[in-house]
Amino acid sequence: MKFKLYASVAAVALGSAAQAEQITVFGPWLGPDQANVEQVLAAFAAASGHDVRYSGSDSFEQQIVIDAEAGSAPNVAVFPQPGLAADMARRGFLTPLPAGTGDWLLENYAAGQSWVDLGTYANAEGNPDLYGFFYKVDVKSLVWYNPENFEDAGYEVPQTMEQLIALSEQIVADGGTPWCIGLGSGGATGWPATDWVEDMMLRTQPPAVYDAWVSNELPFDAPEVVNAIEQFGLFARNDAFVAGGAGAVATTDFRDSPKGLFDSPPQCYMHRQASFIPAFFPEGTEVGADADFFYFPAYEGEDLGSPVLGAGTLWAITNPSDAANDLIEFLKTPEAHEIWMGLGGFLTPHTGVDSAAFGDPTLASMNDILLGATTFRFDASDLMPGAVGAGSFWTGMVDYAGGADAAEVAAGIQASWDAIK
């Protein structure tokens, strides 16, 4: 691995070894993730000759702003969300990525235009530029199921949303319940429904409409958004479709919700949730055998490709230097991705990686979904103002799951957004 790595980053090594610099990297990772990113950065240091120093904090979002305002920002900062990076670009605290990075993303990342869009922000003069390089991505557009239950019932994994709805109806006709859905999450109750709505927006509207919704250029109570909410309701507000009936959706804790997949007979056959949900499966559950997943499919009739909803971290230059540019160049190499792929907890849209580098076949399968994406969009609620994305959107979805009218719920969320403008 290291021999291959040195060869692939020869340009970095040759360009910088004679002028080795200290480079500081600041991010949100602590614990195992910090150890993993430090392995990646150690490989960069060995190849480039630079002295690379990483520090992590669980208060990254607050600290990076303090450091930038004080003129003591690190060379490179790792942002968990694009929103904060966009704010800092607008304040003049970010430096555009090296020339040609956008073209490289278009050629080497699946759904490349999406990654360029997600990393492009307006500067202090209002002019757009590419500031963010996404590295380490999460996928949310997943449906979990018990393969044994599917096999016993003779069900096949659906390839389109139309087939998914037909399968749900077939399960009901056979006397079963297709879905387990739970919105409970303590003070964050309601967030699982926002993921459903976001996925439905991507499956019923072009990416530009999704982006306009996120920025509120498209009002929350626009027909396109109301329709996406109602698409969620097609599943969540149908008593026959949900374990415990529609009335149980808002009160069932999201951590308990998938357990119905493993009951005998099953309480449900499917559960839509992000890649982290196996942490809440019954002890001893083996992913790939006792549980598996498939892509939350797109509507064939909408012709919107294969959109994927997720999250991820972006690397941005907050204190420019040649070494900072070298690090961005290093992140373009397959090896920079393959190191963390082998350590776990890492997905990448880089089309040049060797999937055999994944230490976990489950992650390799998830990454195939990411590589098959024609559009990737960040979790909308994470990009909206906190009062909306982590407030009225959550509570509004609880109200909707409880029977409130979609248009009235959407109007209430829009009113909360208007109140903070």
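Analyst: Two strands count as paired if DSSP finds at least two bridges between them, and the strands and helices themselves are DSSP runs numbered from the N terminus (E and at least two residues for strands, H or I and at least four for helices). This is a predicted model, in which local features need pLDDT of at least 70 and side-chain atom pairs count only at pLDDT 80 or more, whereas totals for chains, interfaces and linings use all residues. Residues are numbered from 1 along each chain as its sequence is written, and side-chain values use heavy atoms, with hydrogens and water left out.

User: How do you know that strand S7 (residues 142-145) pairs with S8?

Analyst: Three bridges join S7 to S8, the two running antiparallel, and at least two are required, so the pairing stands. Val143 is the residue opposite Arg272 in S8.

User: What makes strand S8 (270-272) and strand S9 (292-295) edge strands?

Analyst: The open sheet has three strands in the order S8-S7-S9, with antiparallel pairing. S8 and S9 are its edges, each pairing on one side only, and from one strand to the next the twist averages 30°. Helix H15 (residues 361-371) lies across S7 and S9, at about 10° to S9.

User: How do you know that S3 is joined to both strand S1 (residues 22-27) and strand S10 (residues 307-317)?

Analyst: S1 and S3 run parallel and share two bridges, with Val25 opposite Val76 in S3. S3 and S10 run antiparallel and share four bridges, Phe79 having Leu314 as its bridge partner in S10. Within S3 (residues 76-79), Val76 and Val78 point one way, Ala77 and Phe79 point the other way, and all are buried.

User: Which residues of H17 and H18 meet, and how do they divide by type?

Analyst: From H17, Val388, Ser392, Phe393, Gly396, Met397, Asp399 and Tyr400 meet Ala406, Val409, Ile413, Ser416 and Trp417 of H18. These residues divide into eight nonpolar, three polar and one charged, where Ala, Val, Leu, Ile, Met, Phe, Trp, Tyr, Cys and Pro count as nonpolar, Asp, Glu, Lys and Arg as charged, and the others, Gly among them, as polar.

User: Why is helix H14 (residues 334-341) said to be largely enclosed by the rest of the structure?

Analyst: Seven of its eight residues are buried, so H14 is largely enclosed; buried means under 20% relative accessible area, exposed over 50%, and partly exposed in between, with a 1.4 Å probe and protein chains only. The buried residues of H14 are Glu335, Ala336, His337, Glu338, Ile339, Trp340 and Met341.

User: What makes H3 and H14 roughly antiparallel to each other?

Analyst: The axes of helix H3 (residues 31-48) and H14 come within 9 Å and cross at roughly 150°, and the two helices are therefore roughly antiparallel. Asp33, Asn36, Val37, Gln39, Val40 and Ala43 of H3 make the contact with Ala336, Ile339 and Trp340 of H14.

User: Why is Thr194 called buried?

Analyst: Thr194, which lies in helix H10 (residues 191-204), counts as buried because its relative accessibility is 0%. Leaving aside neighbours within four places in sequence, Thr194 is in contact (heavy atoms within 4.5 Å) with Ser381, Phe393, Trp394 and Met397.

Key: Axes are lines fitted to C-alpha atoms, for helices over the stretch in contact, and angles run from 0 to 180 degrees between N-to-C directions. Angles under 35 degrees count as roughly parallel, over 145 as roughly antiparallel, 65 to 115 as roughly perpendicular and the rest as oblique.
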